[in-house]
Amino acid sequence: MTTRDSYIHGTDPAEQARLSLLNDLLNDRCLAQLALRGGERILDVGAGLGQLTRAMARAAGVAAIGVERSAEQLAGARARALEAGEAALVDFRAGEAGALPLAPAELGTFDVVHARFLLEHVADPLQVVQGMVRAARPGGRVVLCDDDHDLLRLHPEPPGVRAAWDAFIRSYDRNGNDPFVGRRLPALLHAAGASPRQITWVFFGACAGDPTFPHYVANLAHNLLGAAASIAATGALDQPALEAAVRALEVWGQRPDAAIWYGMAWAEGVKPA
């Protein structure tokens, strides 16, 4: 399997809620960075719950295609689109990121081919990016946004959370994935045949006093708890220690001087004419 065969968080309702919150916190920033001009034909690979896919389609004014492997995520994306009255805005398709469910006539036609939080969960990121480049039209943009988990900084550091985060990172290695893939995005674009054009950070964080700060704390806590089985399998941290770290994080979240610093790596390449 070539796509989210090692997604360590699962797809239960708690994880769906975390992902929905993550979209609420991030989508406006990601959409601004995309700088869509309108009229673009968009392919979103690893669409998840489809919230950003629909936002991109609204901004472009053209129906987009969203590809998602998870049946639970796909059902959630379709239900949310229907509830929002936007069922016609996105063609959600079941499929693997490494074997995109596109007709031959659709290859080489997309103005923007996008993936976010996908490459960290696949065994062969280059294969996925190569498929994305094939889907883009000559001169089209291939946009990647993904994690480099070494970037997380909490201050003041709550007890036990760094050990829990390090074990979380090790769970990626154990599953054959790269927890630092964000730093590799331009190299992946180049190797896949696209010309890297720009890179930046999409900031993800807040300090106490920011109304969104509790949401960042909750996202981090749920992120760790959702990966509990994978973390335990590393042997680096047992369940009681993980739960103690999450409790410490929640207490820390009440401090008036607390801050979470994080950023998603963002890279854009262009398919040569």
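Modeller: Two strands pair if DSSP finds at least two bridges between them; the strands (E, at least two residues) and helices (H or I, at least four) are themselves DSSP runs, numbered from the N terminus. This is a predicted model, in which local features need pLDDT of at least 70 and side-chain atom pairs count only at pLDDT 80 or more, while totals for chains, interfaces and linings use all residues. Residues are numbered from 1 along each chain as its sequence is written, and side-chain values use heavy atoms, with hydrogens and water left out.

Colleague: In what order do the 7 strands of the open sheet lie?

Modeller: Strands of a sheet pair through backbone hydrogen bonds, either parallel or antiparallel. Here the order is β3-β2-β1-β4-β5-β10-β7, and the pairing is mixed. β3 (90-94) and β7 (195-203) each have a single partner strand, so one side of each lacks a neighbour in the sheet. On average, neighbouring strands are turned by 15° against each other, direction ignored; angles run from 0 to 180 degrees between N-to-C directions, and axes are lines fitted to C-alpha atoms, for helices over the stretch in contact.

Colleague: How many bridges join β7 to β10?

Modeller: There are 8, and β7 runs antiparallel to β10 (residues 263-270). Within this pair, Val202 stands opposite Met264 of β10.

Colleague: Which strands does helix α4 touch?

Modeller: Contact means heavy atoms within 4.5 Å. Helix α4 (residues 125-135) packs on the sheet against β1 (42-45), β4 (110-116) and β5 (136-146), and its direction makes about 145° with that of β5.

Colleague: At what angle do the axes of α5 and α7 cross?

Modeller: Two packed helices are described by the angle between their axes and the distance between the axes. The axes of α5 (residues 161-174) and α7 (residues 213-226) come within 10 Å and cross at roughly 55°. The two helices are therefore oblique: under 35 degrees counts as roughly parallel, over 145 as roughly antiparallel, 65 to 115 as roughly perpendicular, and the rest as oblique. Ala164, Trp165 and Phe168 of α5 meet Leu220, Asn223 and Leu224 of α7.

Colleague: Where is Phe117 found, and is it buried or exposed?

Modeller: Phe117 is in the loop between β4 and α4. Its phi is positive, about 55°, although it is not a glycine. Phe117 has a relative accessible area of 14% and is buried; buried means under 20%, exposed over 50%, and partly exposed in between (1.4 Å probe, protein chains only). Ala35, with phi near 50°, counts as partly exposed at 44%.
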